[in-house]
Amino acid sequence: MTETNNIIPSAEVSSRGNEQFRKVRRRLVEQFSKQAVSTGDPVRDAAARQSIEQEIPHTLRAQDASLPEAMRTELLSAVINELFGFGPIQPLLDDPTVTEVMVNRADRVYVERNGKTARTPITFDDDDHVNRIIDRILQPLGKRLDASNPLVDARLPDGSRVNVVIPPVAIAGPCITIRKFSRSRLGMDDLVRFGTLTPQVAGFLKACVQAHLNIVVCGGTGSGKTTLLNILSGCIGADERIVTIEDAAELKLNQDHVITLEAKRASDAGGEVTIRELVRNALRMRPERIVVGECRGAESLDMLQAMNTGHDGSLTTLHANSPRDAISRIETMALMAGIDFPVRVIREQIGSAIHLLVHQARMRDGSRKITHITEIAGMEGDKVLMQDLFRFKEIPTAAGATVQGCLQPMGLRPQFMHKFEAAGLVVPPETFSPNAVARQRSAAA
Ligand SMILES: Nc1ncnc2c1ncn2[C@@H]1O[C@H](COP(=O)(O)OP(=O)(O)O)[C@@H](O)[C@H]1O
Ligand SMILES: [Mg+2]
């Protein structure tokens, strides 16, 4: 990440006023910490918190009467956050416009808002302070973290994902990354409103899911793959049995007939259970749909085989820079399964298993766009044949302006049209016609 001019210099952050603030905060935390220890009984804990909330203003009036009123109010919430929350970053976690909180080190805290990363004026006192908050985060989850085990991945009770790295691996001090669980899940309508896709493409994708196509959503980190996978999974019929498989359960489906499986690391109690084992196991659960959060390794081969053996309508995501890159990554990952298949055989499996790739990107203005919808049209020689059905066409704008453009049809009808008919779905032929889109746009203008 490049650091820009709007960074607050640390000298300004630890101004004299702040030093005093910290001193008083530390004193109060020490004073009340015994009272704040959890008893394990939520009712008693809530009562303890309430009484501390009432006592702090009294203590402040008695001991720090010279402090300005505004600072005393701030101190109250800072102390409560230290005693009961995640300290300095608690306000960020409570802020619904923040989607990600990143502590790079004690004096550098960043957030993501509206897809954009920015530094905040928030700081921790020192590494020990960060470590105390890390303990607060991990202890209730039963996760261990020490020099011999310096990486931890965990999920908070509210569904947010946390990653912690400490020295010696993290050279500049302990790091925390929290991907907040968004309470208001985005829906297909939101994506249309944001310009991630057009209403026509939304209808097309919905029909693709309902017609049991095997779909892979690809793109970079944070491009919105999981979000789109969740929305696509939401288009699956209520009467179908769905098995979801993830590293950390993020998907949230509204259907009733859903089984949620989550991989397990070896460092937890007992042995490891991999995504691959879960995919294989899912095949024995009589699934009508298998949804895999992300393919990262050997499970790709099992996924291809599942798609090729009658589990049509499976969905997954993977990290890739383009649809073509996605194909070569699936190939590489499938080879990781260690089965001695020639590359050609794997390619043939890809060619017959996957129907559609949806590629999404995080644009320079922070917006997310579907940039390609690509059909896998079988094989040509030993090459997987791909054709773009839709592509994002950008309209040039001034540097720094928001990204303008439209996801346009390329004028090709997919080879799987018959699957729509077989499923009794109507996808208007204009969906694929660039002229129809141009006509609509000029009519709307
Ligand atoms: N189409 C979209 N437009 C705007 N924001 C989005 C869109 N899709 C996802 N997001 C936001 O982007 C962030 C990353 O999304 P996520 O689906 O987890 O990405 P990925 O799985 O590719 O890493 C989330 O905060 C999410 O709310
Ligand atoms: Mg994801």
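This is a chat about the predicted model of the protein shown above.

Me: Hi! Before we dig in, what kind of model is this, and how are residues numbered?
Reply: It is a predicted model, where local features need pLDDT of at least 70 and side-chain atom pairs count only at pLDDT 80 or more, while totals for chains, interfaces and linings use all residues. Residues are numbered from 1 along each chain as its sequence is written, with chains lettered from A and ligands numbered from 1 in the order in which they are written.

Me: Great. How many helices and strands are there?
Reply: The protein has 15 helices and 15 strands. Helices (H or I, at least four residues) and strands (E, at least two) are DSSP runs, numbered from the N terminus.

Me: And what does the C-alpha trace span?
Reply: About 80 × 60 × 40 Å along the principal axes.

Me: What share of the residues is buried?
Reply: Buried residues make up 33% of the 445. Here buried means 20 or more other C-beta atoms within 10 Å of the residue's own, exposed means 12 or fewer, and partly exposed is in between, with C-beta atoms placed from the backbone.

Me: Let's move to H11. Is it enclosed or exposed?
Reply: Helix H11 is largely enclosed by the rest of the structure, because eight of its ten residues are buried. Among them are Leu 301, Met 303, Leu 304 and Met 307.

Me: What do those buried residues pack against?
Reply: They pack against H10, strand E10 (289–292), strand E11 (315–319), helix H12 (323–335) and helix H13 (343–353).

Me: How do H10 and H11 sit against each other, at what angle?
Reply: Helix H10 (residues 275–282) and helix H11 (residues 299–308) pack at about 20°, with axes 8 Å apart. That makes H10 roughly parallel to H11. The axes are lines fitted to C-alpha atoms, for helices over the stretch in contact, and angles run from 0 to 180 degrees between N-to-C directions. Angles under 35 degrees count as roughly parallel, over 145 as roughly antiparallel, 65 to 115 as roughly perpendicular and the rest as oblique.

Me: Which residues make that contact?
Reply: From H10 there are Ile 275, Arg 276, Val 279 and Arg 280, and from H11 there are Glu 299, Asp 302, Met 303 and Ala 306. Two residues are in contact if their C-beta atoms, placed from the backbone, lie within 7 Å.

Me: What comes just after H11?
Reply: Gly 310, which takes a positive phi of about 90°.

Me: Where is the cis peptide bond?
Reply: It joins Pro 167 and Pro 168, with omega about 5°. Pro 168 is in the loop between strand E5 (161–165) and strand E6 (175–179).

Me: Last one: where is Gln 63?
Reply: Gln 63 is in helix H3 (residues 42–63). With 13 C-beta neighbours inside 10 Å, Gln 63 counts as partly exposed. The C-alpha atoms of Gln 63 and Val 24 are separated by 9.6 Å, though the two are 39 residues apart along the chain.
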